[in-house]
Amino acid sequence: MQNQKNQLQITEKEVKFIYADDYEFFQNKILSNCYCLTCKPKKYNSKIVNYQIFINHLNDVILRGFCSECGSRLNRYLETGEVVNYVQRIKKVKQKYV
């Protein structure tokens, strides 16, 4: 598991750039389809709120926030490093921080 220090924190504006035409999918499907261990017995999907956004060395996006239902810590790992179009835009975002 990668140390959080090795991850680059980015903004919502940068996520919008990375997802481009898929940003609506990110907002409507990804944020509201998270797995919360605390809420699991009641329902499977929870929404992540008050999250911070990170990119790791694999060009994957990681969301760290809280469950909208119960307030428990909640993380969402997005394998953006496997999508060529996303990776190209992620590299541009990373260049801003070098």
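## Lys-29 in helix 2

Lys-29 is partly exposed, with a relative accessible area of 48%, where partly exposed means between the limits for buried (under 20% relative accessible area) and exposed (over 50%), using a 1.4 Å probe and protein chains only. Lys-29 lies in helix 2, helices (H or I, at least four residues) and strands (E, at least two) being DSSP runs numbered from the N terminus. Although Lys-29 and Val-83 are 54 residues apart in sequence, their C-alpha atoms are 17 Å apart in space.

This is a predicted model, in which local features need pLDDT of at least 70 and side-chain atom pairs count only at pLDDT 80 or more, while totals for chains, interfaces and linings use all residues. Residues are numbered from 1 along each chain as its sequence is written, and side-chain values use heavy atoms, with hydrogens and water left out.

## The two sides of helix 3

Helix 3 runs over residues 84-95, and its 12 residues reach 17 Å from the first C-alpha to the last, close to the expected 16 Å, which is 1.5 Å times one less than the number of residues. Tyr-86, Val-87, Ile-90 and Val-93 of this helix are buried, and seen down the helix axis the buried residues fall within an arc of 120° (taken from the directions from the axis to the C-beta atoms), so they line one face of helix 3. On the other side of helix 3, Val-84, Lys-92 and Gln-95 are exposed.

The buried residues of helix 3 pack against strand 1 (8-10), helix 1 (12-19) and strand 4 (48-55). One of those buried residues, Ile-90, has a relative accessibility of 0%; leaving aside neighbours within four places in sequence, Ile-90 is in contact (heavy atoms within 4.5 Å) with Ile-18, Ile-55, Asn-59 and Thr-80. Ile-90 and Asn-59 are 31 residues apart along the chain, and their C-alpha atoms are separated by 6.7 Å.

## The nonpolar core

A nonpolar core is a set of buried Ala, Val, Leu, Ile, Met, Phe, Trp, Tyr and Cys residues joined through side-chain atoms within 4.5 Å. The largest such core has 22 residues, of which Ile-10, Val-15, Ile-18, Tyr-19, Phe-26, Leu-63 and Leu-78 touch the most other members. Among the elements that give two or more residues to this core are helix 1, helix 2 and helix 3.

Leaving aside neighbours within four places in sequence, Ile-10 is in contact with Val-15, Ile-18, Ile-53, Ile-55, Val-93 and Tyr-97.
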